[in-house]
Amino acid sequence: MLVAAGVAGWLFYAQPWSPGGVAIQVEAIAEGPVTRVLAVSGRTAALHSVVIRSNVAGTLVDPLAEEGDVVPQGAVLARLDDTSQRAALRQAVAALDQGLVTREQARAALERAQSLGTTVSRVSLDDAGRAAEVADREVGRLTALVDQAQFQLTRYSILAPLAGTILTRGVEPGQVVDLTTQLFELADLRDLVVETDVDESYATQIRPGMPARLQLTGSSQIVPGTVSFVSPLVDAATGGLAVKIAFSEAQQAPVGLTVTSNIVVDRQERAITAPRSAIIRQGQDTSVFVILDGKLHKTDVEVIEWPSERLIVTRGLKAGDILAVDVAGLVDGQAVLIAGAP
């Protein structure tokens with residue numbers, strides 16, 4: 001049975017009844033322009049965005065900004081109940097007022113002591129001077145407390161740190177929040193980028209400034225772009241390298257939209273390529289079958305490995321070579337016919 005199987009296999013591939021051998025598909029090698037492209041999928045993101053949290057704990061009160069609102073920088077997005085802080089401010093102001101009165105009294109007493117000249121004792125004059133100095137320092141301390149209370153009061157108003165659009169709102173009026181509660185996500189949608197990951201196999205070949213062709217989901221238009229950021233760190237868990245691609249022109253699109261991105265890694269005006277199906281791999285060696293005098297000749301080549309149907313051949317082939325397109329089942333030295341040839 002083994003012998004019969006071997007004979008059958010030889011008959012299938014060798015076809016001794018055929019005058020010129022087995023018919024195969026071939027390709028004539030020719031030099032031409034080649035663009036090497038890395039296709040990745042990413043999502044739109046705002047180049048400038050921020051998650052907004054409160055700097056103080058408290059209860060939210062109306063009004064609150066809504067999702068989709070477009071707000072200028074410095075706009076009030078929310079307020080917290082500031083009743084207790086306003087009371088603290090009033091108390092600090094009252095203490096400062098009393099300190100100012102005390103300081104005026106101390107200064108007046110010092111002036112009177114100085115006006116008496118030699119009729120007042122040196123001890124009394126020194127005491128009046130120290131009292132005025134203490135009153136001055138106390139006014140300074142109370143002024144700082146008022147400033148601190150006023151600043152703390154401003155923190156009960158949540159302001160937009162940049163102009164943009166409210167993407168999310170995670171709270172409702174009446175809710176008690178603390179410093180960890182995410183209130184809003186705010187983004188400037190005028191400047192979008194595409195965030196994606198590149199497999200670490202190609203990490204060393206991606207650089208900022210490379211051109212890209214972008215297609216937003218739901219659109220047939222191809223938009224030009226440029227790689228604007230390449231992370232210096234590969235994610236050890238995923239093996240991905242974070243990359244950002246900037247649009248050449250401003251786009252009107254929601255954040256999180258899927259974008260097909262083709263990064264142009266290399267362009268060559270004259271290069272030789274071969275279909276992936278023509279490549280023979282044996283360990284680290286790479287070769288192809290070239291047809292000479294009606295027979296297959298195994299030829300060593302060097303290629304640039306890349307996720308595409310055709311690979312750039314850097315050594316081993318020249319223009320005019322006839323290449324076997326599909327090497328499955330073929331052996332070195334085998335007689336062949338070109339499929340479709342008379």
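Reply: Happy to! Two strands pair if DSSP finds at least two bridges between them, and strands (E, at least two residues) and helices (H or I, at least four) are DSSP runs numbered from the N terminus. Residues are numbered from 1 along each chain as its sequence is written. The model is predicted, so local features need pLDDT of at least 70 and side-chain atom pairs count only at pLDDT 80 or more, while totals for chains, interfaces and linings use all residues; side-chain values use heavy atoms, without hydrogens or water.

Now to the part itself, an open sheet. Its four strands follow the order β4-β11-β9-β6, with antiparallel pairing. β4 (49-53) and β6 (70-71) are at the edges, each with a single partner strand, so one side of each has no neighbour in the sheet. Strands of a sheet pair through backbone hydrogen bonds, either parallel or antiparallel. Within this one, β9 (residues 164-169) runs antiparallel to β11 (residues 182-187), and four bridges join them. To find one on screen, pick T165: its bridge partner in β11 is A187.

Next, the cores. A nonpolar core is a set of buried Ala, Val, Leu, Ile, Met, Phe, Trp, Tyr and Cys residues joined through side-chain atoms within 4.5 Å; buried means under 20% relative accessible area, exposed over 50%, and partly exposed in between (1.4 Å probe, protein chains only). The largest core has 36 residues, of which L38, I206, I245, I263 and L317 touch the most other members. Strands supplying at least two residues each include β3 (32-46), β16 (258-275) and β18 (285-292), with β16 giving the largest share, five residues. Beyond its neighbours within four places in sequence, L317 is in contact (heavy atoms within 4.5 Å) with residues including I29, I272 and V288.

Leaving out neighbours within four places in sequence, its contacts include A278, K298 and D300.

Finally, two helices. S115 belongs to α2 (residues 83-115) and is exposed, at 61% relative accessible area; a polar atom of its side chain lies 2.6 Å from the backbone oxygen of R112. In α3 (residues 122-154) you will find R130, partly exposed at 47%. The R130 side chain makes a polar contact with that of D127 (2.4 Å), a polar contact being a pair of N or O atoms within 3.5 Å; within protein, one must be able to donate a hydrogen and the other to accept it, and residues adjacent in sequence count only if both atoms are side-chain atoms.
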